[in-house]
Amino acid sequence: MEIKEIKPDEVLDCVGLACPMPIFKTANRVKEMKSGQVLEVQSDDDGIEKDMPAWCKMTGNEFLGLTKEDGEYRAFVRKK
């Protein structure tokens, strides 16, 4: 599946927040979601490129990918 075809169940806006806040907020939001649901995390912090896949690997959640457009990232995570 291509990233542009992913339809997230929820969107988390972390634009303007620096590391580690996007990951911290992602962790809290994912806790509230059902297994299999997809979260889109929007961020302008380039640390998310490394941090989100690492967090997913550490927590067992599935990193679906990331896009960057006009300095803004969209990362997709599926809850385990």
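## Asp 70 and the rest of the fold

Asp 70 is exposed, with a relative accessible area of 80%. That value, like everything here, comes from a predicted model.

Now for the overall picture. The protein chain has two helices and four strands, and reading from the N terminus the order is β-α-β-α-β-β.

On dimensions, a compact globule of 80 residues would have a radius of gyration near 12 Å, and the protein chain has 11 Å, so the two agree. If you want a box for it, the C-alpha atoms fill roughly 30 × 25 × 20 Å along the principal axes. Of the 80 residues, 34% count as buried. The protein chain exposes about 4900 Å², with carbon and sulfur atoms supplying 50% of that area.

Is Asn 61 buried or exposed? Asn 61 is buried because its relative accessible area is 11%, under the 20% cut-off. Asn 61 belongs to the loop between α2 (48-59) and β3 (62-69). Its side chain makes a polar contact of 2.8 Å with the side chain of Thr 59. Leaving aside neighbours within four places in sequence, Asn 61 also touches Val 30, Trp 55, Cys 56, Val 77, Arg 78, Lys 79 and Lys 80.

| Residue | Relative accessible area | Class |
|---|---|---|
| Asn 61 | 11% | buried |
| Asp 70 | 80% | exposed |

One more backbone detail is worth a look if you plan to inspect the torsions. Which bond joins Cys 19 and Pro 20? A cis peptide bond does, with omega at about 10 degrees. Pro 20 lies in the loop between β1 (10-13) and α1 (21-32).

Definitions and conventions
Residues are numbered from 1 along each chain as its sequence is written. This is a predicted model: local features need pLDDT of at least 70, side-chain atom pairs count only at pLDDT 80 or more; totals for chains, interfaces and linings use all residues. Side-chain values use heavy atoms; hydrogens and water are left out. The radius of gyration is taken over C-alpha atoms; the globule rule is 2.2 Å times the number of residues to the power 0.38. Buried means under 20% relative accessible area, exposed over 50%, partly exposed in between (1.4 Å probe, protein chains only). Accessible areas come from the Shrake-Rupley method with a 1.4 Å probe; for residues, only the protein chains shown count as cover. A polar contact is a pair of N or O atoms within 3.5 Å; within protein, one must be able to donate a hydrogen and the other to accept it, and residues adjacent in sequence count only if both atoms are side-chain atoms. Contact means heavy atoms within 4.5 Å.
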